[in-house]
Amino acid sequence: RFPAQHMAMATFCNHSASGPDSLLRKVAAIYLGREMAADPDSAFRAVLAGAERADVAPATLARLTGVWRNLDRGEVRRTVLVGDTLTFPPGTDAGRPTALVPIGGLQFRAVPATRVSFEGDSAGAPTRLVVRSGTAAPIAFTRVATAELSAAKLTEYVGSYYSPEVDVTWLVRADSGKLVAMRHGRRIGALTPTYRDGFVEGSSELDFTRDTKGRISGFRIEAGRVRHLDFKRVETPPPTR
């Protein structure tokens with residue numbers, strides 16, 4: 001809203017990363033011109049883009065690898081080393097990793113205009129990952145213990161899972177030492193283990209659940225605006241429609 005100019009504007013976007021505030025300011029600038037204050041998003045991008053690359057020891061980068069989780073948003077981030085570069089792994093098998101360029105003080109730049117910071121506890125160990133894009137509120141992720149599963153352990157999760165909410169059945173099977181999700185005989189993607197009973201597939205987080213005897217009983221999907229979508233393990237999948 002711009003009360004002094006008797007103008008109000010709204011933006012409607014279909015993508016969480018579209019930057020509605022920045023888009024609104026650009027449209028408002030067409031009508032208000034010099035009356036508009038400087039766009040803070042543009043200033044953030046300019047400062048971030050102008051930050052010089054810093055030298056970081058390989059041992060320091062190695063300490064920043066791991067799995068990071070935001071429970072409120074149902075999101076997981078992973079950081080891995082590719083050669084001497086810290087990266088966010090790709091969301092799909094065909095994707096490319098996102099390089100994190102060090103700019104000093106355990107801060108990194110990621111494209112298109114994202115600042116990634118690592119924060120530690122009193123002992124200095126990195127325990128939080130904070131992602132900030134423009135003037136949007138920063139998103140904090142807490143480090144969680146990384147799960148390493150043998151091929152035998154992966155078989156615990158193999159089975160059919162049905163969601164009555166969306167009337168969909170997923171088949172989870174083992175394939176060359178990995179878990180793969182299938183639907184209607186087609187591969188959805190590989191399930192990458194992150195923390196205990198947690199996996200990621202693309203941008204989706206899957207949290208497997210267990211019954212009172214410790215057996216896998218289902219899983220819950222968190223995928224952006226899709227929240228708390230539950231699948232139950234079934235012996236005989238319902239007929240497809």
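How many strands make up the closed barrel that runs 1-2-3-4-5-6-7-8? The answer is eight, and their pairing is antiparallel.

**View 1. The whole predicted chain.** Let us start with the overall picture. This is a predicted model in which local features need pLDDT of at least 70 and side-chain atom pairs count only at pLDDT 80 or more, whereas totals for chains, interfaces and linings use all residues. Residues are numbered from 1 along each chain as its sequence is written, and side-chain values use heavy atoms, with hydrogens and water left out. The chain holds four helices and 16 strands (DSSP runs numbered from the N terminus, with helices being H or I of at least four residues and strands E of at least two). Its C-alpha trace spans about 65 × 50 × 35 Å along the principal axes. Of the 241 residues, 33% count as buried (buried is under 20% relative accessible area, exposed is over 50% and partly exposed is in between, with a 1.4 Å probe and protein chains only). Among contacts with a separation of 6 or more, 38% come from residues 24 or more positions apart (a contact means heavy atoms within 4.5 Å).

**View 2. Surface and charges of the chain.** The accessible surface comes to about 14700 Å², and carbon and sulfur atoms hold 52% of that (areas are from the Shrake-Rupley method with a 1.4 Å probe). The chain has 33 positive and 25 negative charges, whose mean positions lie 2 Å apart (Lys and Arg are positive, Asp and Glu negative, while His and the chain ends are not counted; a charge is placed at NZ of Lys, CZ of Arg, CG of Asp or CD of Glu).

View 3. Three bridges pair strand 4 with strand 5 in the antiparallel sense, and Gly104 has Gln107 as its bridge partner in strand 5. In the hairpin of these strands two residues lie between them, and Gly105 takes a positive phi near 65°. Gln107 also has a bridge partner in strand 6, namely Ser117. Strands 5 and 6 pair over four bridges and are joined by a hairpin through three residues.

View 4. Strands 7 and 8 pair antiparallel over four bridges, with Arg128 opposite Thr142 in strand 8. Their hairpin has five residues between the strands, and Gly134 in the turn shows a positive phi of about 65°. Strand 8 (residues 139–144) is also joined to strand 1 (residues 66–70), by three bridges in the antiparallel sense. Val67 finds its partner there in Val144.

View 5. Strand 9 (residues 159–163) meets strand 10 (residues 168–175) through five bridges, and Tyr162 stands opposite Thr169.

View 6. Strand 10 is joined to strand 11 (residues 178–183) by five bridges, with Asp175 opposite Lys178. Two residues lie between these strands, and Ser176 in the turn has a positive phi of about 55°. Strand 11 then pairs with strand 12 (residues 186–193) over five bridges, and Met182 stands opposite Arg187. This hairpin has two residues between its strands, with a positive phi of about 55° at His184 in the turn.

**View 7. Phe12, before helix 1.** Phe12 sits in the segment before helix 1 (20–32). Phe12 counts as exposed because its relative accessibility is 80%. Its C-alpha atom is separated by 10.0 Å from that of Leu23, 11 residues apart along the chain.

Note on methods
Pairing = 2+ DSSP bridges.
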